[in-house]
Amino acid sequence: MATARIGVDVGGTFTDFVLHDPSRDLVHTGKLLTTPADPSEAIIEGTQRVLREAGLTPAELHSMVHGTTLVTNTVIERTGAKVGLLTTAGFRDSLEIGREIRYDLYDLFLEAPPSLVPRYLRREIPGRLDAEGNELLALDEAAVAREAKALVEGEGVEALAIGFLHSYRDKRHEARAGEIIRSLYPDLPLTLSAEVAPEIREFERTSTACANAYVQPRMQRYLDKLERDLARIGFEGRLYVMLSGGGICAVREAKAFPIRLIESGPAAGAMAAAFLSKLAGLDRVVSYDMGGTTAKMCLVEDGAPDHKFDFEAGRVRRFVKGSGLPLKVSVVDMIEIGAGGGSIARVEPGSGLMKVGPRSAGAVPGPVCYGRGGTEPCVTDADLMLGRLDPAYFLGGEMALDPDRVRRAFAEGVAAKLNVSADTAALGVQRIVDETMAAATRMHLAEKGRDPRDYALIAFGGAGPVHAWNLARLLKINRVVVPLGAGVASALGFLVAPPATDMVRSLVGRLERLDWARVNALFAEMAEEGRTLLEESGADPATIVLTPTADMRHVGQGFEIPVPLPGLALGEADVPAIREAFFAAYRLRFGRVVEDQPIEALSWRLACAAPGQDIRIGRGRAEAGGAPTPRATRPVVFEGHGPLPAPVYDRYALRPGMEFIGPALVEERESTCVIGPATRVAVDKHLNLVLELA
Amino acid sequence: MTADADGGFDPITLEILWSRLISIADEAAAALLRTAFSTIVRESNDFATVLMDAHGDSISENTGGIASFSCILPRTTKHFLQKFPAETWRPGDCVITNDPWLATGHLPDITAVTPIFHKGKLVGFAGSIAHSPDVGGALWSADCREMFEEGIRIPPVRLLREGVRSEPVMEMFLANVRLPKQVTGDLEAQITANEVCAARVAEFLEDAGLADLSGLGRALHGRADRAMRQAIAAVPDGVYRAAIEADGFDEAVTRIACAVSVRGDEMLIDFDGTSRQIDRGINCVWNYTHAYSVYPVKCALDPFTPRNEGSYRAIQVVAPEGSILNPCFPAPVSARQLTGHLLAGAIYKALEGVLPEQVIAECGGAPTMRALFSGVDRNGDRFSQILFASGGMGAAPHRDGLPTTAFPTNAGAGSIEAFESVAPLIVWKKQLRPDSGGAGRFRGGLGQEAEIEVRSPAPLRLSLLSDRRDHPAQGICGGASGAPAEIVMSDGTRPHPKSRTMINPGTRLVMRYAGGGGYGPPTERDAAALAADLRDGYVTKAG
């Protein structure tokens, strides 16, 4: 019986593979350059190679879980389809008017994110419902046919979206317009806002519908081709796609709602951290994934990453909130910080002070030390100067780094401008980048009413283990877990992700006046839809777990908080319990409650999930007590200490049960774990390094 | 830069500590924003959080929010220190006021300041300002004759003394407002924000090994001051003048005269020649005048250096006493933004000749146009809803103005679906307004048109706060002006633009928001840009 599973992550530069064969407890990884023109080329080649190396054939694969940046790149690069939009008469500009906010208070020349559908392709249809779903004006069906024809035949649009007012409440006008269009153009990709994001707020819902339509033709072609190519090499298993919320879904759902894949790759990292937190027995964790361009932080509690239900794509300024297109999709709630190994240090002309990032040298030219033409010192350069990286053992020795060039770049660049030594400037880069990450993490946790001191850090990504110890120190976190294979750890997420889907419906009302029969009908509808989707994904119906929540707030407030609900069949009798649940969630987040102010619900959500796969890592390695033997010692600069001699350990030689104390360096192929003074390190049975800071 | 000027802090440590203090102000802002009830705080960003040193000088301010407020809060704190000298403050105190002359220029904004103690010593103040859900009086109107009609005035009082709330103060305040619970909730949100700030600062000092904020504060003020001076020094010396006009109240047109003098690294902005104060609520108290003068200068000259007390030391602002920009107590001031928002346009107009690459044309959304609908719905519940929407932004030297975006304020807009779900109103249209952007090499941003039908069982009250009916946003450097604002009822009547009107069920109200001014001569408009404008209907052949 085929039991092996493979995860494939198509990134901008590399396509990563991770294979798990439970019959042998084998986890095997691989990497290939992405083939941008046709990503399935690298997928097929890499899959075959990884299978060959593991001694398996494609027919022995139970399934493939696929994550892709295709959706997000299509939005960022604006290479999607020509989309037409039908809106309620009077509202064709909602998409462009947006939230009317300047995302930068001081920039007079700021640019608004361009709409995915230009004005001349947005057409208005008479027909109107009110907020209760009553029809104020019948749908003008002739106008639907006429405008659709004008868009498809006159303008040549490749996909259509429909966004009518109050369709979250009652989708009959959208559904009828959809029928008319399908009867005219049965093969045209069509997105109804009430299907892709049945939530109140027309701008965000319409924006989501347009983005879905925008990426749909390309994703459909891509997934069709991938299925054919996989069949050609003899793959007979199931193909799953990773959703932004960290679940996996069948290809059909991915083709219908490709926008739900927008954060497919980053979600895998969070799922991996969630899995590792369970292995390590930690119920409160900050997942920290730092690569070449960004650092990503995510809160993981009780083995599950935090979720949110909106996201911003295609930002004009990548790290500035409000500069992108809002999407109502379920995503893992993570913050992305412009802090990576390639982040560039510079001196600001106004203040005369040093900043690090968010501009990144990327892979080309890369940091100065790569010797590929980079001249501006980066975080990786500082790491090298401070002794954190071994110039002769970068990427396992594949790439020799050039410390002299780095020293010159610091001395002649930022250090000269700041009138400090090159060493001070290098330590400054490290201090600033770590502080930037710490500040963003503190803020992210504070917004959720959490205190970092109550959490452990799980660090991965190429640069994560290099900075984790210092970051933990700044956050006053006293435990850090660094998994083996930090560079590919996030790919584990593909193997452990559960089949899952998140459903939502909006029905606005005060808690004491809600029409519970209607709420229950919405839950029944969502439950049926969710179960069907999961069963299509091969989930065992008996194992499906349904978790209802509501987005609630005090009447008069503008932010909703998610509130867990006692069940799917609710009534008057549940109101006190729901009110208490609201207060509990409110208190956790804001530290207080306002007792007498009425409470209202806006949207109702149902998280549907089947259990994910368990995998075992590191079994079969013999326990060994005592301290490992260092392969070298080199000086490492720590803030406040100057250079300290640090023993260097080979990660692959460590055995479960070994212990040592910092300062120390643990080197593995894709990363180096930097451990400062006054820190105890233990190797656990899964080969994680567990750092205990004093 | 010498270490001496930085008070012994090296530039890297300074950067780290500065960023950390900014993130403390941001954390306080997040606490305030998320727990506040006031829709104006939320939709209009009408709030600020500021961290100050023991003298009440600002050290860091929250990143979002209203830029003008952070400039005012330290002034208010210094008034507090006059009334309550430094040695009288205790941990757990909180002093509040809404006095327009001491604080933000009108009654609805509450300023709350909490002392920060570290190791038993007063080291600074955490302050916040938020637009209260209500302060009594004539809600939302520009037509009062004296400030006393506009609501309850709270002089600087200790709301909290060592953590204990002054019940007489609360009782007196709440007895004068329509929404006591929401008002209480928002005051608590402000106190929470201040406490978050105070706790984080104490933690920060511990981490940084500092006894207080004084040395660090001086170093940060110095950095911000030098950055601004450097930017001013790059402007050629001279006196640059402009005068602009706005509708004002009835026959009293508002005239803003402005002379910007640059000498070396200092700037003086003098509003001599500006209209006298009037007996209607559009007088702009000096604090607000100052804040809305220095903010546009910062945007144009030094947008990226973080702000603190040092940022504005090189700029002096003068407005004649008794003028509409420096009115005397007890002038009515409720809608002071209708005047204050005009200042950016006047200053940029003055600088167009000398800094053509750094300024933008007048904005259709300056001042903001607001409509408040209040009455009783079918359930018998009172409702009160503001339609948030903006006119177009002025065109820039290399870019068309943004459509439907406010400057110098930064008010956002909510969802029409959410609006209709809480008020008996139907919005039949909310759409860009073609041909409303001023022509130019770069076009002014488009305004918008909203059409709203009243569906309440009984007549409701409409309060309007608007301008630009007779005075559209002017172009700059040869650009044309944008379309003026218009407010029309379905019976053809035009309600008073700054007053309160009852409207009957079934009436439809059309509000047309002004467009932004253009930049540069319209004859220099790029042909492809014009063709794209025509294709998308931003510009019509008729227009």
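Predicted model: local features only at pLDDT ≥ 70, side-chain atom pairs only at ≥ 80, totals over all residues.
How are helix 2 of chain A and helix 7 of chain A oriented to each other?

**View 1. Helix 2 of chain A against helix 7 of chain A.** Let us start with the geometry: the axes of helix 2 (residues 70–77) and helix 7 (residues 202–232) of chain A come within 10 Å and cross at roughly 130 degrees. The two helices are therefore oblique to each other, and their crossing is right-handed. On the helix 2 side, look for Leu70(A), Val71(A), Thr74(A) and Val75(A); their partners on helix 7 of chain A are Ala211(A), Val215(A), Arg218(A), Met219(A) and Tyr222(A). By class, this contact has 7 nonpolar, 1 polar and 1 charged residues.

**View 2. Helix 3 of chain B against helix 7 of chain B.** Here helix 3 (residues 67–83) packs with helix 7 (residues 286–301) at an angle of about 130 degrees, and 8 Å separate their axes. That angle makes helix 3 of chain B oblique to helix 7 of chain B. The crossing of these two helices of chain B is right-handed. Helix 3 of chain B brings Ala67(B), Ser68(B), Cys71(B), Ile72(B) and Arg75(B) to the contact. Facing them from helix 7 of chain B are Asn287(B), Tyr288(B), His290(B), Ala291(B), Tyr292(B), Val294(B) and Tyr295(B). The contact divides into 8 nonpolar, 3 polar and 1 charged residues.

**View 3. Domain 1 of chain B meets domain 2 of chain B.** The domain assignment of chain B places domain 1 at 11–225 and domain 2 at 361–543. Taken over C-alpha atoms, the centres of the two domains are 33 Å apart. Where they touch, 9 residues of domain 1 are in contact with 14 residues of domain 2. The domain 1 side of this contact has 3 nonpolar, 4 polar and 2 charged residues.

**View 4. Chain B in contact with chain A.** The contact draws 64 residues from chain B and 58 residues from chain A. Several elements of chain B give two or more residues to its side, among them helix 2 (39–44), helix 5 (180–208), helix 6 (214–233) and strand 14 (425–432). By class, the side of chain B that touches chain A has 26 nonpolar, 19 polar and 19 charged residues.

Methods. Residues numbered from 1 in each chain as written. Chains lettered and ligands numbered in written order. Domains from an automatic or database assignment. Contact = placed C-beta atoms within 7 Å. Nonpolar A, V, L, I, M, F, W, Y, C, P; charged D, E, K, R; others polar. Axes fitted to C-alpha atoms, helices over the stretch in contact; angles between N-to-C directions. Helix = DSSP H or I, 4+ residues; strand = E, 2+ residues; numbered from the N terminus. Parallel < 35°, antiparallel > 145°, perpendicular 65-115°, else oblique. Left-handed = near helix turned anticlockwise from the far one by under 90°.
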